[in-house]
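Subject: Structure for your review

Dear colleague,

Please find the structure and its sequence below.

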Amino acid sequence: MYDVIIVGAGPAGLSAGIYAIRAGMDTLILDKSVWGGQTVLSAEIENYPAVPSVTGPDFAQRMYEQLVELGGSVRLEEVTDIDTEKRSVTTANGVYRAKTVIIAAGLRRRTLGCKGETELTGRGVSYCAVCDGRFFTGKDVVVAGGGNTALEDALFMSSYCRGITILCRSDRMKGEEALKESVSKRENIRILYNVRIEEIQGREAVEAVLLSDGTVLKTSAVFIAIGYEADSAFLKGQLQVTGDGYVVAGEDCHTSAEGVFIAGDLRTKKVRQIVTAAADGAVAALGAADLVLKM
Ligand SMILES: Cc1cc2nc3c(=O)[nH]c(=O)nc-3n(C[C@H](O)[C@H](O)[C@H](O)COP(=O)(O)OP(=O)(O)OC[C@H]3O[C@@H](n4cnc5c(N)ncnc54)[C@H](O)[C@@H]3O)c2cc1C
């Protein structure tokens, strides 16, 4: 039996891991994809104290290496079930038990839900400009979205893609003024307002998008940047969650179940950033360590 199982290896989970190991706890960290969470999708991080500027993938790697230097590791397994009473978690490889559990499962990307999206994912439909943008060097691409992520994605790809069209559902872009200004200065970025993608077309790969005004726009890729949402379905109603899926907990990160903590973006809170996720990880791990000491 572990002292603590941490579900998710984004900033919250890795920070929890670092604190848990330093507190002497026998720690298991599980992630369904790769360490770093959403940070690997970020082109540039400029607001983490003491790290003036770093790419998202480098930031993720540094967090991971810090964990490894302390003797930690991340097992790449998806948690499909949690029993909050027994404090056990289930993956395809079996059931793991612990004295405490920290859920740091973050958020998942929103999808458009239009025809062609699922079929062409990985064949021109992407949710990560930082990861996939380079494949479309010299090509025309579209970005679906109306906020910071769409603006950042367009800027990021503007140095190597031929033309970038941002498709915005409303009559104006949300997002930071500085980003909007940078976008307005790039000659190869244009924004179409009041349009939705009805269908993504293509046989082997993306060829075009059908827009809500009936226009067919030729493109080599569709980058979907319409935000993130809570995905607490794997908790199967065992913890108190809000209507939109966030796990309810205060600043102590303790959930409605004894010995089960929630850290990072999936917790009910106002500010969802790396620094707040890392802070939650620390609070949750030290809370878990307190409980383990009393057992
Ligand atoms: C494009 C982009 C740019 C950003 N830029 C910045 C920035 O510049 N500065 C800043 O402070 N913040 C930024 N953010 C926000 C920041 O990345 C998040 O606030 C932060 O990553 C949240 O950390 P987290 O650990 O709570 O969740 P996440 O980073 O979402 O990590 C959760 C992890 O849990 C794993 N997981 C989920 N479900 C399961 C399961 N069932 N089993 C196992 N593993 C699971 C996921 O695979 C993931 O690795 C950005 C986000 C994006 C998308």
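A pocket, as the word is used here, is an open set of points on a 1 Å grid over the protein atoms alone, with protein on both sides within 12 Å along at least five of seven lines. Its volume is the space filled by probe spheres set on the points. Please bear in mind throughout that this is a predicted model.

The second largest pocket

By that definition, the second largest pocket has a volume of about 250 Å³. Its lining is made up of 13 residues, and those that lie nearest the centre are Ile18, Tyr48, Phe59, Met63 and Gln66.

The ligand and its surroundings

Which residues come nearest to the ligand? Among the 33 residues around the ligand, they are Asp31, Gln38, Asn47, Asp265 and Ile274. The shell contains 15 nonpolar, 11 polar and 7 charged residues. At least two residues of the shell come from each of α1, β2 (27–31) and α6.

A polar backbone atom of Asp265 is 2.8 Å from a ligand oxygen atom. In the case of Gln273, an N or O atom of the side chain is 2.9 Å from an oxygen atom of the ligand. For Ile274, a backbone N or O atom lies 2.9 Å from a ligand oxygen atom. On its own, the ligand has 1,000 Å² of accessible area, and the protein covers 91% of that area.

The five-stranded sheet

The model also contains an open sheet of 5 strands with parallel pairing, in the order β8-β15-β9-β10-β11. Its edge strands are β8 (125–126) and β11 (189–192), each of which pairs on one side only. Within the sheet, β9 (residues 140–144) and β15 (residues 221–224) are paired in the parallel sense over 4 bridges.

With kind regards

Methods
Residues are numbered from 1 along each chain as its sequence is written. This is a predicted model: local features need pLDDT of at least 70, side-chain atom pairs count only at pLDDT 80 or more; totals for chains, interfaces and linings use all residues. Side-chain values use heavy atoms; hydrogens and water are left out. On a 1 Å grid over the protein atoms alone, a cavity is a set of points where a 1.4 Å probe fits but cannot get out, and a pocket is an open set with protein on both sides within 12 Å along at least five of seven lines; lining residues have an atom within 4 Å of a point. A residue is near a molecule or strand if one of its heavy atoms lies within 4 Å of it. A polar contact is a pair of N or O atoms within 3.5 Å; within protein, one must be able to donate a hydrogen and the other to accept it, and residues adjacent in sequence count only if both atoms are side-chain atoms. Accessible areas come from the Shrake-Rupley method with a 1.4 Å probe; for residues, only the protein chains shown count as cover. Ala, Val, Leu, Ile, Met, Phe, Trp, Tyr, Cys and Pro count as nonpolar, Asp, Glu, Lys and Arg as charged, and the others, Gly among them, as polar. Two strands pair if DSSP finds at least two bridges between them.
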